Amino acid sequence: MAFTQRVFSGIQPSGDLHLGNYLGAIRRFVPLQDQYDCIYCVVDMHAITVWQEPNDLRRATREVAAAYIAAGIDPKKAIVFNQSQVMQHAELAWVFNCIARIGWMYRMTQFKDKAGKNSENVSLGLLAYPSLMAADILLYKATHVPVGDDQKQHLELTRDIAQKFNNDYGASIREQGLDPEFFPTTEPMIAGPATRIMSLRDGTKKMSKSDPSDQSRISLLDDADGIAKKIKRATTDPEPLPSEVEGLKGRAEADNLVGIYAALSDKSKAEVLAQFGGQGWGVFKPALAELAVSVLGPVSGEMKRLVNDPATIDGILRDGANRARAIAEDTMREVRNIVGFIR
């Protein structure tokens, strides 16, 4: 079957979007809207796997939507919506809960990391959310998903669920006159020199909003002065920058900052080192700060404007949800018939 070439991706509204979210995801979404049918979701149902204060969730949901638009996503060209407005996500997730195996969920690295030694007391949603993630993607029969390195395992699970559904219900799918490959084998899209942005304080840890130090991350709502100060205070080593990429091995902080410069300037790490190799941090950090301010400043300004206009954001999300729901319902109508639900 020739599936529509469609991209789906979502960001969880858990507050304080940062440089890692921008370079690892949001910025990469923009050019895709000119090549594919694109659906960009604010996955607020995923957010409540860990308790969220309701007003904070509403604020964070609007912030993610604002970031999409501020970064250059056109809500008339792509579909931008929040997940909870399209309840077919939850409906398909339940079907997939009955397809996926518990052992598959326990093997998810992110569950192990988040649950830690407290796995008996975390929410069932935290264990099962990869099934909802699979539903998010396959509800639209998405053929491509831009993912970071830490999400590849979840996409592999999505492919496993799609294949198991197609196999388990193969006879019913054929009886409905549908293509045996009902759900596609979704492909990952991993690209760019800095798809995984690390902490400015510790280059071995991922940049995260949960880090207790505000200096560890650049928020998308930071002003120019805040961005520059955080970069200039970023942890480094005493050695100058190498001239070759090989020289970054074992230098986590140096590798991270070079990667950030490369991503912000649309260059490779090799090109950055060709420019700065042999020079010290007193030269490189101010150059990186200037670049970051020039790229992030307009995004931050537009985000703040949109966040202060919730009616506009809510209208964009509502329009996107209506368009997403039409696609989702087509899929669910077929799924209900396939699994044997009487309507």
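What is the handedness of the crossing of H11 and H13, left-handed or right-handed? The crossing of H11 and H13 is left-handed, where left-handed means that the near helix is turned anticlockwise from the far one by less than a right angle, and right-handed that it is turned clockwise. Before I go on, a word on the source: this is a predicted model, in which local features need pLDDT of at least 70 and side-chain atom pairs count only at pLDDT 80 or more, while totals for chains, interfaces and linings use all residues. Residues are numbered from 1 along each chain as its sequence is written, and side-chain values use heavy atoms, with hydrogens and water left out.

Let me stay with that pair of helices. Two packed helices are described by the angle between their axes and the distance between the axes. For H11 and H13 the packing angle is about 40°, and the axes are 10 Å apart; axes here are lines fitted to C-alpha atoms, for helices over the stretch in contact, and angles run from 0 to 180 degrees between N-to-C directions. H11 and H13 are therefore oblique to each other, given that angles under 35 degrees count as roughly parallel, over 145 as roughly antiparallel, 65 to 115 as roughly perpendicular and the rest as oblique.

On the H11 side the contact (heavy atoms within 4.5 Å) is made by Ala 254, Leu 257, Val 258, Ile 260, Tyr 261, Leu 264 and Ser 265, which meet Trp 281, Phe 284, Lys 285, Ala 287, Leu 288, Leu 291, Ala 292 and Val 295 in H13. By class, this contact of H11 with H13 has 13 nonpolar, 1 polar and 1 charged residues, where Ala, Val, Leu, Ile, Met, Phe, Trp, Tyr, Cys and Pro count as nonpolar, Asp, Glu, Lys and Arg as charged, and the others, Gly among them, as polar.

H13 also packs with helix H10, residues 224–232, and here the axes come within 9 Å and cross at roughly 150°. That makes H10 roughly antiparallel to H13, and the crossing of H10 and H13 is right-handed. The contact involves Ala 224, Ile 227, Ala 228, Ile 231 and Lys 232 of H10, together with Lys 285, Pro 286, Leu 288, Ala 289, Ala 292, Val 293 and Leu 296 of H13. Its composition by class is 10 nonpolar, no polar and 2 charged residues.

Still in H13, which spans residues 281–307, we find Glu 302. Glu 302 is partly exposed, with a relative accessible area of 26%; the classes are buried under 20%, exposed over 50% and partly exposed in between, with a 1.4 Å probe and protein chains only. The C-alpha atoms of Glu 302 and Ala 70 are separated by 5.3 Å, although the two residues are 232 apart along the chain.

Helix H1 (residues 19–32) and helix H3 (residues 54–71) pack at about 55°, with axes 8 Å apart. That makes H1 oblique to H3, and their crossing is right-handed. Tyr 22, Ile 26, Phe 29 and Val 30 in H1 meet Ala 67, Tyr 68 and Ala 71 in H3, a contact with 7 nonpolar, no polar and no charged residues.

Ala 67 of H3 counts as buried at 1% relative accessibility. Leaving aside residues up to four places away in sequence, Ala 67 touches Leu 17, Ile 26, Leu 220 and Met 303.

Another buried residue is Ser 131, with a relative accessible area of 0%, in helix H7, residues 124–138. The side chain of Ser 131 makes a polar contact with the side chain of Asn 97 at 2.9 Å; a polar contact is a pair of N or O atoms within 3.5 Å, where within protein one must be able to donate a hydrogen and the other to accept it, and residues adjacent in sequence count only if both atoms are side-chain atoms.

Lys 141, in the loop between H7 and strand S4 (144–146), has a positive phi of about 50° although it is not a glycine, and counts as buried at 13% relative accessibility. Asp 266 lies in the loop between H11 (252–265) and H12 (269–276); its phi is near 60°, again positive in a residue other than glycine, and Asp 266 is exposed, with a relative accessible area of 64%.

Terms used
Helix = DSSP H or I, 4+ residues; strand = E, 2+ residues; numbered from the N terminus.
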